[in-house]
Amino acid sequence: RIFASIFDLFAEAYHRALEDSPVRAFEAVQIGVMDSEEFENRANLAAKVADRLGLTGIPAIRSETASSTGAAAFHEAYYKVASGQCESVLVLAGERMRELEGLYVECHDAFNSLLPIDLTDLGLIEPDEAIDALVGSLRREPSDPLEHPITGLRGRVPVNFSGGLKARGHPVGGTGLFQIGECFLQLTGQFPNPRAQVPGARIGIAHSIGGPGNNVYVTVIERADRKRKPEAVARPPLSFRSSGPARLSELASMPQGLHGASALLEAYTSIYVTASQSGGPIHVGLVRIGDKRAFAKLDQPPGEGEPPEAVLAGQRVRLLVKDDGDHYFQMTPTRGFDLAGLVGRMRTRVSTLRRPPEDPSE
């Protein structure tokens, strides 16, 4: 569990302690942790642990007295109970001891929104810090990415010092191998930019997404001179059972069938593929039907003269599941105020007014 966060470790200990304890309610939390700013690059851990355990509305205090930190946390909890202030206090103490050797990550960032999502999915960054960890705070002036306290050179998760996928033009056939190669260069101290060489990098993670997420590969490489004993890895299954793809008629007859369903367009973008024979962009969106989400192509591209922004996130659309299993969405006629149409008509009108007359005498 070398990648487990301190919150995961405390949560595991908490749930195991509850297995043979009748106590289920606590009036305070006492956390013993030493030097979390160094080992975890985090402060205010007590409140975060309480939040992770779902223990809200009660005080969470941190104890720190070097090697006696755990005993100090216990004594502080005892005083709270002995004084009558509390009936029960939860005490957790420990930290994740690891070699300071802050790990290098090459993450799939074909689109700007993917990087914070990917790092969160990998368990390397907490969801509430993902945006700030990558783009910084809007309250501060932009700084050197290499100096970022989380994803920078000496942060706990150095990320994409190669510049990411777009820095190499994102050749889709070679991107995944490039990422593994970049990790190798970091682990062997051969990174082409010496200023971006992570000191002491010994573990590399390459994360690569294929298509809409149906082929995702996470590659962990490690220096051969590491002293850590390799962990046992479960043998992967050698065969898989499949009931076969559902046909369109079956989907339509299902109580929660997707074909023809009304959906909400949550996000929309146009992908320009240079090798495409169609010559035009591919319009794709993320649609939501109840608690389900799906990627879908726009069934009919914006009409001639209709700007792409006529397709707006937040619109209601109709989802289609065609015989090949691909998802498409159709724009449904809007009722009431048509903001996108109004913007398009205004732009057309303005451009017409600005056009010079053909006859100078007019």
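In which sense do strand 9 (residues 292-298) and strand 11 (residues 327-331) pair, and over how many bridges? They pair in the parallel sense, over 2 bridges. Keep in mind that this is a predicted model, where local features need pLDDT of at least 70, side-chain atom pairs count only at pLDDT 80 or more, and totals for chains, interfaces and linings use all residues. Residues are numbered from 1 along each chain as its sequence is written, and side-chain values use heavy atoms, leaving out hydrogens and water.

**The whole chain**

- The chain has 9 helices and 11 strands; these are DSSP runs numbered from the N terminus, with helices being H or I over at least four residues and strands being E over at least two.
- Of the 362 residues in the chain, 34% are buried. Here, buried means under 20% relative accessible area, exposed means over 50%, and partly exposed is in between (1.4 Å probe, protein chains only).
- The accessible surface of the chain is about 23200 Å², and 55% of that belongs to carbon and sulfur atoms. Such areas come from the Shrake-Rupley method with a 1.4 Å probe, and for residues only the protein chains shown count as cover.

**Strands and the barrel**

- Strands of a sheet pair through backbone hydrogen bonds, either parallel or antiparallel. For two strands to count as paired, DSSP has to find at least two bridges between them.
- In the parallel pairing of strands 9 and 11, K297 stands opposite Y328, and L298 has F329 as its bridge partner.
- Strand 11 also pairs with strand 10 (residues 316-321), this time in the antiparallel sense over 5 bridges. There, R318 stands opposite Q330.
- Zoom out and you get a closed barrel of 5 strands, running 7-8-9-11-10 with mixed pairing. From one strand to the next, the twist averages 50 degrees (axes are lines fitted to C-alpha atoms, for helices over the stretch in contact, and angles run from 0 to 180 degrees between N-to-C directions).

- Helix 4 (residues 69-82) has 14 residues and reaches 20 Å from its first C-alpha to its last, close to the 20 Å expected at 1.5 Å a residue. That expected span is 1.5 Å times one less than the number of residues.
- Its buried residues are T69, A72, A73, A77 and K80. They sit on the same side of helix 4 because they cover an arc of only 135 degrees around the axis, where the arc is that of the directions from the helix axis to the C-beta atoms.
- Look at the other side of helix 4 and you'll find F74, Y78 and A82, which are exposed.

**Two loop residues with positive phi**

- Most residues other than glycine have a negative phi.
- N44 isn't a glycine, yet its phi is positive, near 55 degrees. You'll find N44 in the loop between helix 2 (36-39) and helix 3 (45-52), and it counts as exposed because its relative accessibility is 56%.
- H170 is not a glycine either, and its phi is positive at about 50 degrees. H170 lies in the loop between helix 6 (130-135) and helix 7 (175-187), and at 24% relative accessibility it counts as partly exposed.
- H170 and H108 are 62 residues apart in sequence and 9.9 Å apart in space, C-alpha to C-alpha.

**Cysteines**

- How many disulfides does the structure hold? The count is 0, going by pairs of cysteine sulfur atoms within 2.5 Å.
- C86 counts as buried because its relative accessibility is 7%, and C183 is buried too, with a relative accessible area of 1%.
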